[in-house]
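Good morning, colleagues. I would ask you to look at the sequence and the structure together as I speak.

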Amino acid sequence: MRRVVLAIVFAAALAAPASAQDGRALFEEGCATCHGDDARGIRGTAPTLHGVGAQAPDFYLSTGRMPLADPEDEPVRTRPAYTPAQRRALIGYVASLGGPPVPQVAPERGSLSEGQELFTSHCAGCHQIEGQGGVVPGGVAPALQEATPVQIAEAVRVGPYLMPPFTEPQIDRHQLDSIVRYVLSTRTPPDRGGWGIGNIGPIPEGMVAWLLAGAVLLIVARLLGERRPA
């Protein structure tokens, strides 16, 4: 019975609304070392959080990219360090410093063809056409297969790490919905040509096919050469 009561109390605590005071306390404990006690950032270490709103902390905390063990580390996707209730508290505190809310996204309203065109022109250079990620100067463009629709939209607006941010005049809400719809579609792509080889694109897939075909031709030539009489 005691275990049941404790479980109910714990669940209630997680579901309880997060207060600004809770968020401030969590910020001082886990974020102020880099972002400063006043959240205005520390030159050469971390940027100011005034004006970033809710979308930036929601993206970085929900994907486990923050907090960093070392300010010089590249923020990569990992298991979130905070519980949902703690994230709500931290996001609420940072949002109280001003800035945009978490973006609303509706992939079903977007255009798949327009999304592919926008992704190709703005994103595929780093993330590859199928969103599988890649290496870029100074960092790694992550694969997008685990990102939620909201996280994809947040990344477009925030521009995490080396990625440039795209404001609404650059990519409007309908275009954002289209990009998200396209990225989601890359998770189950059709293999019309047969073997997809991870759907990494036609050029590398063609190179793999040529290498395999060349190896087979060499083996056949070697076998035929061994059969010729001396």
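Predicted model: local features only at pLDDT ≥ 70, side-chain atom pairs only at ≥ 80, totals over all residues.

Residues are numbered from 1 along each chain as its sequence is written, and side-chain values use heavy atoms, with hydrogens and water left out.

Let me begin with confidence. pLDDT is the predictor's confidence in each residue, from 0 to 100. For the protein chain its mean is 86, and 81% of the residues reach 70 or more. A contact means heavy atoms within 4.5 Å.

I turn now to helix α4, residues 55-62. How many of its residues are buried? The count is 8 of 8, where buried means under 20% relative accessible area, exposed means over 50%, and partly exposed lies in between (1.4 Å probe, protein chains only). Among them are F59, Y60 and L61. The buried residues of α4 pack against α5 (84-95) and α8 (149-158). Just after α4, G64 takes a positive phi of about 75 degrees.

Next, the salt bridges. A salt bridge is a side-chain nitrogen of Lys or Arg within 4 Å of a carboxyl oxygen of Asp or Glu. The whole structure has 2 of them. One joins R24 to E28, with the closest N and O atoms 2.9 Å apart. These two residues are 4 apart in helix α2 (residues 20-30), so about one helical turn separates them. In general, an α-helix has 3.6 residues a turn, so residues three or four places apart point the same way. R24 is partly exposed at 25% relative accessibility, and E28 is partly exposed at 43%.

R77 and E146 also meet in a salt bridge, at 3.6 Å from N to O. R77 lies in the loop between α4 and α5, and E146 in the loop between β2 (139-141) and α8, so the pair ties together parts 69 residues apart in sequence. R77 is partly exposed at 32%, whereas E146 is exposed at 61%.

What of the aromatic rings? The structure holds 3 aromatic pairs. Rings of Phe, Tyr and Trp (its six-membered ring) pair if their centres lie within 6.5 Å; planes under 30 degrees apart count as stacked, over 60 as edge-to-face and the rest as tilted. The rings of F27 and Y93 have centres 5.3 Å apart and planes at 50 degrees, so this pair is tilted. F27 is in helix α2 and Y93 in helix α5, 66 residues apart. F27 is buried at 0%, and Y93 is buried at 9%.

Finally, the surface. V216, V220 and L224 make a nonpolar patch of about 250 Å². Patches comprise residues with over 30% relative accessible area and no salt bridge, with like charges joined within 9 Å and nonpolar side chains (Val, Leu, Ile, Met, Phe, Trp, Tyr) within 5 Å. Accessible areas come from the Shrake-Rupley method with a 1.4 Å probe; for residues, only the protein chains shown count as cover. V216 is in helix α10 (residues 202-227) and is partly exposed at 49%.
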